[in-house]
Amino acid sequence: MGWTAPINIKLQNNDTSQSPLDHKPSNGEIAWMGSVLNFGAIVGPFIGGFAASTIGRKWGLMSSTIPLLVGWILAAVATNMAFLYAGRIFWGIAVGMLFTISPMYCAEIATVESRGALGSFLQSFITVGFLLVYGAGPFISYHGVAYLGMAVVVLFAVSFFFMPESPTYHLLKDRTEDAAQCLMTIRGRSRQGVAEELATMKADVLASMEKKATLRDVFRGSNFKAFYISCALVFFQQFSGINAVLFYMTDIFKASGTDLDPSIATIIIGAVQLIASFITPFVVDRLGRRILLLISSCGTAIGLALLGMFFLLRHVGSPAVANMGVLPVIALVLFIVTYCWGLGPLPWAVMGELFPIEVKAAAAPPATAFCWILSFLITKFFPTISGNIGMHVGFFIFCACCVAAFFFTLFIVPETKGKSLQEIQQLLGAKNTEPEKA
């Protein structure tokens with residue numbers, strides 16, 4: 001996802017030895033390369049949802065390594081933009097699969113107390129990938145970045161092979177003993193030690209299996225409330241402008257005219273993003289989802305307003321800009337830090353919590369696909385808006401969306417901290433969620 005930031009410079013460099021392509025790509029081709037990942041990511045959730053239901057959460061995640069490796073191979077052997085477009089689409093398929101199955105897997109293996117933290121780690125480890133490519137990309141060759149990407153995928157495939165399946169998946173397939181073994185591995189307890197939790201999970205699964213969910217069920221009652229909250233949070237996540245900022249971060253620094261080397265500035269932002277992302281998992285189950293989303297939407301709005309103001313002054317030729325070279329860095333740090341506290345990780349964590357078990361596989365793919373449709377619109381048209389109207393316009397639009405996110409969270413989003421999946425359904429107004437009394 002962060003590959004474009006250092007690679008764009010190599011592809012557009014006048015030194016042709018840095019690029020494997022037969023021509024220097026135009027700005028339009030670079031914009032398409034940044035955005036076509038989203039085409040694959042729109043399809044990927046449906047593949048991921050099918051895989052999670054048929055071969056399991058673990059093997060669904062493992063199967064994502066196939067399009068990942070195909071993408072890296074296409075990037076490594078590329079001689080023209082068609083190879084890169086195809087590679088980005090394959091990466092998008094994998095990203096869509098991972099963003100669908102990973103929150104599902106995390107929610108199903110977590111305890112109630114750790115569910116928010118574990119769900120938040122999705123965003124945290126994405127920032128590890130960003131920092132890796134930001135840090136290595138400017139200092140190794142184009143092909144070196146591709147080989148590094150392949151190595152990471154192989155490392156994941158080998159290490160995750162030894163991870164357990166989700167106990168919930170085994171219970172859905174009526175394999176109670178397999179579910180018990182998985183739970184014993186995850187919890188590090190004896191069969192007796194997990195007996196009570198296994199019984200609760202089995203009761204939840206049996207109840208869910210009585211209600212065969214289809215896509216139509218997603219748009220009914222409390223399921224629809226969970227769906228529109230999830231989609232709204234994803235909308236605000238994307239229209240905070242995060243992908244525009246990350247995909248074109250180096251270009252933003254170049255446009256700002258700051259004296260700081262754009263590659264070094266990008267590494268600094270990546271490091272800040274990494275540190276900020278690892279704060280959320282340790283506080284989300286103490287402070288709750290809503291307070292972090294409120295802090296996040298407020299902070300990102302301020303950071304984007306500062307960026308918009310800087311580029312507006314630069315657009316009108318204000319002499320004050322000469323003394324404000326460090327402002328884009330400060331504004332981006334504020335934006336990235338507060339994004340990583342809430343708008344980044346929590347929509348995925350909340351999505352994994354809001355849907356009942358029987359609806360997750362049907363609801364997650366369209367919600368995730370919606371995310372990547374929005375991401376495509378932003379990454380494709382942000383450069384066009386920036387070039388034709390001014391970069392400040394894009395930042396002010398994103399700022400307004402963050403303000404809207406604050407009020408949506410304040411009035412609509414329920415707090416799921418410390419609540420069981422059954423209690424969350426009651427919060428959403430679901431009927432018949434009370435357990436039967438003897």
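## Confidence and helix packing in a predicted model

The mean pLDDT of the protein chain is 84, and 94% of its residues reach 70 or more. Over residues 433–438 the pLDDT is below 50, and this stretch has five contacts in the model beyond near neighbours in sequence. A contact means heavy atoms within 4.5 Å.

Because the model is predicted, local features need pLDDT of at least 70 and side-chain atom pairs count only at pLDDT 80 or more, while totals for chains, interfaces and linings use all residues. Residues are numbered from 1 along each chain as its sequence is written, and side-chain values use heavy atoms, with hydrogens and water left out.

Helices (H or I, at least four residues) are DSSP runs numbered from the N terminus.

| Helix pair | Axis distance | Angle |
|---|---|---|
| H5 (residues 65–77) and H8 (residues 142–160) | within 9 Å | roughly 165° |
| H3 (residues 37–54) and H21 (residues 357–388) | within 8 Å | roughly 170° |
| H16 (residues 262–277) and H19 (residues 327–341) | 8 Å | about 30° |

The angle makes H5 roughly antiparallel (over 145 degrees) to H8. Their crossing is left-handed, meaning that the near helix is turned anticlockwise from the far one by less than a right angle, with clockwise counting as right-handed. Residues of H5 including Leu68, Trp72 and Ile73 meet residues of H8, among them Tyr142, Met150 and Phe156. By class, this contact of H5 with H8 has 14 nonpolar, three polar and no charged residues. Ala, Val, Leu, Ile, Met, Phe, Trp, Tyr, Cys and Pro count as nonpolar, Asp, Glu, Lys and Arg as charged, and the others, Gly among them, as polar.

H3 and H21 are likewise roughly antiparallel to each other. Among the residues that meet are Phe39, Ile42 and Phe46 in H3 and Trp372, Ile373 and Phe376 in H21. The contact of H3 with H21 has 13 nonpolar, six polar and no charged residues.

H16 is roughly parallel (under 35 degrees) to H19, and the crossing of H16 and H19 is right-handed. Residues including Ile269, Val272 and Gln273 in H16 meet residues of H19, among them Leu332, Ile336 and Trp341. The contact of H16 with H19 has 10 nonpolar, two polar and no charged residues.

The structure also holds 21 aromatic pairs, in which ring centres of Phe, Tyr or Trp (its six-membered ring) lie within 6.5 Å. Trp3 lies in the segment before helix H1 (4–12) and Tyr142 in helix H8, so the pair ties together parts that are 139 residues apart in sequence.

Key: Axes fitted to C-alpha atoms, helices over the stretch in contact; angles between N-to-C directions. Helix = DSSP H or I, 4+ residues; strand = E, 2+ residues; numbered from the N terminus. Parallel < 35°, antiparallel > 145°, perpendicular 65-115°, else oblique. pLDDT = per-residue confidence, 0-100. Phe/Tyr/Trp six-rings, centres within 6.5 Å; stacked < 30°, edge-to-face > 60°.
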